[in-house]
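Hi everyone, thanks for coming.

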Amino acid sequence: MGKSRARRFRRAPFSPAGPEQRRDGEGGPEEEPAAELLEKLQHPSAEVREYACASISKLLQQKHVIPAFLQRDVVRCLGPLLMDHSLAVRETAAGALRNLSACGGFEVCDDMVTKDIMTPLVALLKECSTGLDANQLSPKKCREMNKNYIEDIANEAINLLWNVCECNNTAVSIFNKGGCLEAVLHYLKKFSTNVDLAISVANCLQAVTEDNPDLLSSFNAYAQQVLETVMLCPESTMKHILLRTLIAGTFWNIKDTIPPGSLGSMVNAILKIFSESLAIDAGETIIRMTEAEKNRLKLAAEAETEENMSDVTDSRVLTEDDDMEEIPKGKVRRENDISDLLPSDKWELKEVTALLMAQQTALEIIVNMCCSEDPSDDEWEELSSSDESDLFMENSYNEGGGLLMSPLCLSDEVNSAFLNNLIPKKILEKTAFPNSVALDICMHNPSWKPLIKKLNAVQCRALTCLHSILLVSDVDCLGGVSALQSLAQHLSQLVFSKTELPTDTEFLEAITSALRALLQTMASKNISQCMTPEQLLALCEAGIHSSNASVKVNVVSILGISGSVLAKGQDTAETLKMIGKFLLEVAMKESSLVVAGEALDALFDVFADGKEAEKAAVQIKLLPALKEFQPVFKMRMRKEGKGQYSTDQLCVLDNVKMNLRRFIAYQETLGKTPT
């Protein structure tokens, strides 16, 4: 307790709805029972099997129907179809399994691996990789429809692989030993012609390389060359920015394979990509892209009107000239426009979504870079003083934009933390609330409305990133006293600028974590605090009613830090009384022992020293209250400790219990001291 700890992001495997889960057509009888559809998977007709797979795929997007399919062994029914003779069946079967893994979550993914989904999946991945460039594997009919079955099957299979590897260590072990890396790298090389497939591969690679030392030996010079080629691709679309960001994350995960002499240039390349992503204003991009979408749809509607008029004219000519060959209905539309056969492109929406995912991913990786403990001191000294680092600085720190973090250096507290000059400007910009115009556009457009959650997620990740930076940087490297005070004002405005205090749990956790780290830094250097006592108590009142234990711990700690500073001042007894009463109530009434322990810790800090603190302690009867509570706290630890809390938490709580005994003894000594 006391000091805030850096949070390390593990990649979220996927949302409950799945990461870009496969969306099949709207047709198909949803009411068909699971048993009947599963039976059709064995039908001799490939078209019937494809229909059954597509129907199952659509149904599996609804979580409440998943148990019915699991009871009928859907995994073992669909698994063999990954190697079906029909490519269409393979694709729809892979899509159905992808939806099952995405919507079913961890337990379902574990069950899929237990039922040996990896055997046909790995076989499919290798076969698709072998035939990726073989035109004979794409039927003529598919080429006419501008469809590459092999790449589409691979995309579904890669997403399925990503999902199960996120959830199951056995799947990761099979990936390591089954030669999957070579296959997925082959797909990645298609990035110039199929960026969607490459993004799926990059997501999968970032997942399987995280905390996976057994895979590192497979990243030979060829594998690193493939990654480097993608990371250096010049395309400027948002999808390519996302692709480069994901590959940069993969490079960070495999940094132990990079020779020490190349580490500096590698990390600088990673930071350059993150800087590129974070420099883009997502709000302005949304405004621009929605306008582009309106114009595109308007032009498409006008073109369709002209085409319909042309069709009418053509039909009149055909009627008048019996010798002319009749054009089959729909032929012109089918060859030149398949928008009525497939979901609308929505490329503008996909671009913005890719941008927001790139920014969120970049921020999460930066957090992990601050928390990592792998590189040695020598490596980081080499990195911060290398010629490549200096060159990168010269090339990137132009036009007043600033570099993401400059220069990199080793933190005294965290081995792999970097950054230490100014608070990164682009990260700080992302901590602001999303553009109100962009939010309004998204709110009134059903297709764009899901972006609101993504915009908020980027803000929260930026605040968490700021929290990590504050923990591993000293005051001078952060820009000095004035920079910290400006930051304090900025964070206070985020909390208090609106008429009501924020209630969103994710935002509250992120903003209180950043505030806690900032106040710790300011208090350690005797820098004046940023919030009034009234603001502090208002924030703590809001936070303590949160359902999130981390928010509660943060606000209690914030109160302890601020109170300990106030205790050193003049005429602060009344404020200290309010703080003391609040912390006492939390300690005695909070259901979580961790939060109660943090409140006690905060009390020890606030009332540790100072005449104002002594005066306030007497007036709120702190000593008798703690003496009465001490046996209650001990009993709660005995009853609730085992089984409910981790070993680390119990160790901290034991320290709190010991400090409570010492603090009571200290307060008793104060009572005996002559005034």
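Predicted model: local features only at pLDDT ≥ 70, side-chain atom pairs only at ≥ 80, totals over all residues.

Let's begin with charge. Side chains of opposite charge can pair when their charged atoms come close. How many salt bridges does the structure hold? The count is 21.

Here is one to find on your screen: Asp 196 pairs with Lys 239, and their closest N and O atoms are 2.8 Å apart. Asp 196 sits in helix 12 and Lys 239 in helix 14, so this pair ties together parts that are 43 residues apart in sequence. Are the two partners buried or exposed? Asp 196 is partly exposed, at 37% relative accessible area. Lys 239 has 16% and counts as buried, because buried means under 20%.

Now compare a pair within one helix. Asp 654 and Lys 657 form a salt bridge with their closest N and O atoms 3.9 Å apart. Both belong to helix 32, where being three residues apart separates them by about one helical turn. Asp 654 is partly exposed at 39%, and Lys 657 is partly exposed at 30%.

Salt bridges can also join up. Asp 73, Arg 76, Asp 111 and Lys 115 are linked in a network. Within it, the side chains of Lys 115 and Asp 111 meet at 3.4 Å, N to O.

Next, the surface. Which residues gather in a patch of positive charge? They are Lys 634, Arg 638, Lys 639, Arg 661 and Arg 662. Helix 31, residues 622-644, gives the most to this patch, with three residues. Helix 32, residues 647-672, supplies at least two.

On to the backbone. Most residues other than glycine have a negative phi. Asp 116 has a positive phi of about 65°, and you can find it in the loop between helix 6 and helix 7. Asn 526 also has a positive phi, near 55°, and lies in the loop between helix 25 and helix 26. Asp 116 is partly exposed at 42%, whereas Asn 526 is exposed at 65%.

Last, the cysteines. How many disulfides are there? The count comes to zero. As for where to look, Cys 53 is buried at 0% relative accessible area, and Cys 460 is buried at 3%.

How values were computed:
Residues numbered from 1 in each chain as written. Heavy atoms only, no water. Patch = residues over 30% accessible without salt bridge, like charges linked within 9 Å, V, L, I, M, F, W, Y side chains within 5 Å. Areas by Shrake-Rupley, 256 points an atom, 1.4 Å probe, with all protein chains shown as cover. Salt bridge = Lys/Arg side-chain N within 4 Å of Asp/Glu carboxyl O. Lys, Arg positive; Asp, Glu negative; His and termini not counted. Charge placed at Lys NZ, Arg CZ, Asp CG, Glu CD. Helix = DSSP H or I, 4+ residues; strand = E, 2+ residues; numbered from the N terminus. Disulfide = S-S within 2.5 Å. Buried < 20%, exposed > 50% of the residue type's maximum accessible area, 1.4 Å probe, protein only.
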